[in-house]
Amino acid sequence: MSIYRILVRFTHADPRSAGYLSDARALGFHNLQRLECQDLYFIEGQLSQEDLQQLTLKLLTDPVTQTASWDEMPALQTDLGPDSVILEVTLRPGVTDPVVHEIVRAAHELGLNGVHRAATGQRFVLKFDPSVEDIRASVIKSVDSLFANPVIQHWKIGNIEPSFPEEVASSGAVESIAICNLGDDELLALSKDRRAALDLTEMQAIQNYFTKEGRDPTDVEFETIAQTWSEHCVHKTFKAKIEVHRYTGTQVDKYTVDSLIKTYLKSATDKIAAPWVISAFVDNAGIIDFDDEFEISFKAETHNHPSAIEPFGGANTGVGGVIRDILGVSAKPIANTDVLCFGKQNVSFDELPEGVLHRKRIMSGVVAGVQDYGNKIGIPAVNGAILFDEGYAANPLVFCGCVGIAPKGLHRKNPQVGDRVIVLGGRTGRDGLRGATFSSMTMDAQTGEVAGASVQIGDPIIEKGLIDVIVRARDLHLYNDITDCGAGGLSSAVGEMASKLGCDVELKKVKLKYPGLAPWEIWLSEAQERMVLAVAPENVPALQELCDTFDTELTDIGEFTGKHRLIVRYKGNPVVDMDNEFLHEGIPQRQLKAIIEETPTIRLSASQSVPESDPKATLLNLLSSPNIASKSSVIRLYDHEIQGGTVVKPLTGVEADAPSDATVLKPIGTKGMKGIVLSNGINPEYGKRDAYKMAWSVMDEAIRNAVAVGADPERIAVLDNFCWGDPNRPETLGSLVEAARGCHDAALFYGTPFISGKDSLNNEYLGVDGQRHAIPPTLLISALGMMDDITKSVTMDLKEAGNVVYLVGSYPPSGTSQSSVISDQSVPDVPKETPQVYRALHKAIQNGLVKSCHDLSEGGFAVAAAEMCIGGRLGMTVPPTLVGVFTEVNGCLLVEVSPSNATVFENQFTDLPITKIGEVTSDPVLKIAGEEIPVTELIRAFNTPL
Amino acid sequence: MKPQALILQAHGTNRDYDIAEALTLAGADPHPVPLNDLRAGKKRFADYQMLVVAGGFSYADSLGAGKLLALDLNSYFNEEISTFVESGKPVIGICNGFQALVKSGILPGGNWGLVNGNSSATLTFNQQGHFECRWVSIKPASQTCVWTKGLQASIECPIAHGEGNFQTNHQLLITNLQSLDQIALTYIHADGSPANGDYPANPNGSILDIAGICNPQGNVLGLMPHPENHIYSHQHPRWTRGVKGNSGLALFENGVKYASQI
């Protein structure tokens, strides 16, 4: 067979080339004068010239905007003159490329049956400034930051060869891992060797088990245990027994916390015992009551480590993964949330630690990954946040959340003896091997290289097929249990599902993307878009029919046995034969030590010590600072309108350019006017200062935001997401313990239960210089609120001149003076009357008294007032006597009320803190702190590019 | 009897239920039908009075938005769809559906079907270079199109696409579109004046501010914006500012009314 090379170029203006060029400029490559991006296709097969022409013109080219040429390989080299260089990029073999499958399928549809395989690539024609002496050196310097990520792609100056996965048959070889006779050092060496991330106690537990079994484990068994016992899968830090040393002056207070989850998170939910919580902490997602017919599920995941080494793929599969969590509770996904944390953007290349991608590239890749998956699968991205802090430079955080809806009572979690083990969706390849253990380790300069195999690329259209099949299969009662294939792949999904009954599965039946996978690779692969179902044999044909309709693959790999052992075979021979109880309960509880220091060391960073003598400049600086400035350039890349339920949108106001506090959704297909509210709270700056009070603050922020748009404060559920550094360092663990305790206390204070959670630890980068780069302690609280009538929703844009503006909540905080800009070094308290304030505000919203409402958060009163002015294109007059306008506080909101309702409104707040603080003016000027700032200037500052 | 509407579900269609809700409100009976059920003969085009090619990312936009769905339409359903179109029954393609209708040659139709097997027009990458979701105003501009005929008020609704930039290399096609009243919907400023290519009123750079076109007979409409996402007042971005309306619905009511008359 021959390989043909087809080159497609734009004849019309190509925005993609323009995009690359502007990225190049943004990254500081000013010598690049022109850039043309072209598409490469490699077709392996037997094709006549006429076939090639058909294939190229009908399939690979847009006849209006593009032109194409083709060659049989090896293709002719093109000579372009001394200032230009050709750079070609293709994917490494085995990296998922959904396009190639479509090329082969569509070619056959056209009758071109000679097409055997395909590969894609990109070709860049780069023209440099003639003054550049060594063009090749310039290209090489720019490649990794702009054109290719070596983790998934390879590149060449000149013509590249396509890479097809090697077609080798698997030997089916299973290795025996000698463990029974190893000493302690050897056990640790083995753990490290196989990147298992297991400690000595855990390795000894494995050794003891197999000593009793009288044999060594197979590699499949060892890898299964390593994944099942990984931090990612089993949350051993959150379940550990922690000896806490709390220092107060010279005093040391010692106590033990037996499992953070049990002690602080689950216990808060149990104590609150909200009747509307249907399921918390036990399933793939938390579930709460919606109305007589439906329940709502919510889950947020993190995908930090994969996003650090391959931003697009990492974020892409982060979105895909959390959508499967929602499918795992038999719900239809109706909304995505995305909270992203990046390093500061304006940093030159020379300042980057080795092996770390540029933050601009991380950010654009992550955003593109989120956009690609969510838009293609058809789930609106409706709520989120983007934060910048130097601590995230090497470890970006990618929090992906998903909300689902399902008719009550249809979700089943009860496999039966004799049920078939059914895998639905994508095929299995080497993608994502050992992802669960990888995410449980500290990264270093080599991580990108070694962990290349952990990279996953998503295929949202396959997952769309899963949604179509599963929702229908649920309604037809076709399955008894369901879970998603996430970290640990089949080993984790099947293992967990069979943890009670046991199962017997055959790996040879698993459909592969390409041949040659060893048994352990099939069992552990984290290939995306797969779900595992327990299906009674008589229901398999009906499920198969659904799958055929929606182009989804179904594979029957075995059965649930009732014998309480996990048996995995390859061509009939057992490669895993383990006791379920050992696998799922045999992990020794970790014993950890935590130190809580009295006062964390605090240092004001430069960006915060803004001179306070000039309130106008301070306000404009704050509005244009990346953490506050408009995120509209990102928000508009996400479809937030699909499914037609977005009642309060992420951007609001006259010109839809002001930031909403929260999102209100009316789920498609529901009757009545009920809606849900989505919001979040996150504050890494506070995390650096005081983890306990940070937890209170972010809980308050999430709840405050939800209440601001109309959520009922009595019916808000939250998710926790902890992203921390290495918990083996007692100080790091100490702040984690404090944050969890803060979550517990704040949850009880508000009566707001946790329904699910997630932790991502070891977010540290060990540089070649030996320095650790850890992220700030980061807690994301994602809130899911309920409202009875979406037509009562309130947005934050000022509505009408002449209206009165109230400040509700305790303000100013004690000790505040005009001189304290933003905040001092402490974390604000939550005032004790806050829940009453929220209830009173909710009542006022229910009674239609509130025209607009916005919470005080970063940048305090002044930024909140400015954003309301931007939203309404109206002015606000605030008396110059108001001090501390930039101070950050908790529990406070600005509320616009029409003068005729002022008294009624005030009466709702009897005995609660409320101040008439301003007036809405038709003159678009914000008068505050003795300054007069035109709204046009506020808009300009707020729209500063990130 | 209510007109029965076939909503084509390709691999990756995702606004099928949005349009189903709009058609229900407009008085039709919507039936989302997987493409494979049509291929297998379980469902037939001829049994419906309306055809909807809904929005989404069929085949993940591989090789160009709508391209592979267009190939399906031509490979598997050429005859059925031709018969459907020629019978005068109303057809609408929204967003990805519009892209597929253009790339299959069903639009602009008439003398401008496939020319040497190639489509004469295209919906290419937005001038801004990226996907964008924002609300736009569009003006019903054709009295030939059964979907827009008689509509006076402008429609406000979101766009959500990366490849919505209508372009052609044939000057004559543009002249024909104008003379045959095939330019069904155009982007306008909020005050009703033509967008004249100004971003973001014209969000993608389409020539002549084209948001939608119809075939010369007027029964097939393709458009990029999503009127199916503005069928309730509370969907409007400024409903909390007192803006009332559901201006997307009129287009579907028009189509349904027409379908029930033939």
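Predicted model: local features only at pLDDT ≥ 70, side-chain atom pairs only at ≥ 80, totals over all residues.
Let's start inside chain A: helix 21 (residues 615–624) has four buried residues named here, A:Thr618, A:Leu619, A:Leu622 and A:Leu623. Viewed down the axis of helix 21 of chain A, the buried residues fall within an arc of 130 degrees, so they line one face of the helix. A residue is buried if 20 or more other C-beta atoms lie within 10 Å of its own, exposed if 12 or fewer, and partly exposed in between, with C-beta atoms placed from the backbone. The arc is taken from the directions from the helix axis to the C-beta atoms. Helices (H or I, at least four residues) and strands (E, at least two) are DSSP runs, numbered from the N terminus.

The buried residues of helix 21 pack against helix 27 (860–872), strand 40 (931–934) and helix 29 (935–942) of chain A. Two residues are in contact if their C-beta atoms, placed from the backbone, lie within 7 Å.

Residues are numbered from 1 along each chain as its sequence is written, and chains are lettered from A and ligands numbered from 1 in the order in which they are written.

The mean pLDDT of chain A (the predictor's confidence in each residue, from 0 to 100) is 91, and 93% of its residues reach 70 or more. Over residues 601–611 of chain A, pLDDT stays under 50, and the model has nine contacts beyond four places in sequence for them.

## A bent helix

In chain A, helix 4 (residues 135–147) has a kink of about 30 degrees centred on A:Lys141. The bend at a residue is the angle between axes fitted to the seven residues ending there and the seven starting there.

The buried residues of helix 4 of chain A are A:Val139, A:Ser142, A:Leu146 and A:Phe147. Their cover includes helix 1 (15–26) and strand 5 (115–128) of chain A.

## A buried alanine

A:Ala739 sits in helix 25 (residues 730–750) of chain A. Why does A:Ala739 count as buried? A:Ala739 counts as buried because it has 27 C-beta neighbours inside 10 Å. Leaving out residues up to four places away in sequence, A:Ala739 touches several residues, including A:Tyr692, A:Phe722 and A:Pro777.

Definitions and conventions:
Expected span 1.5 Å × (residues − 1).
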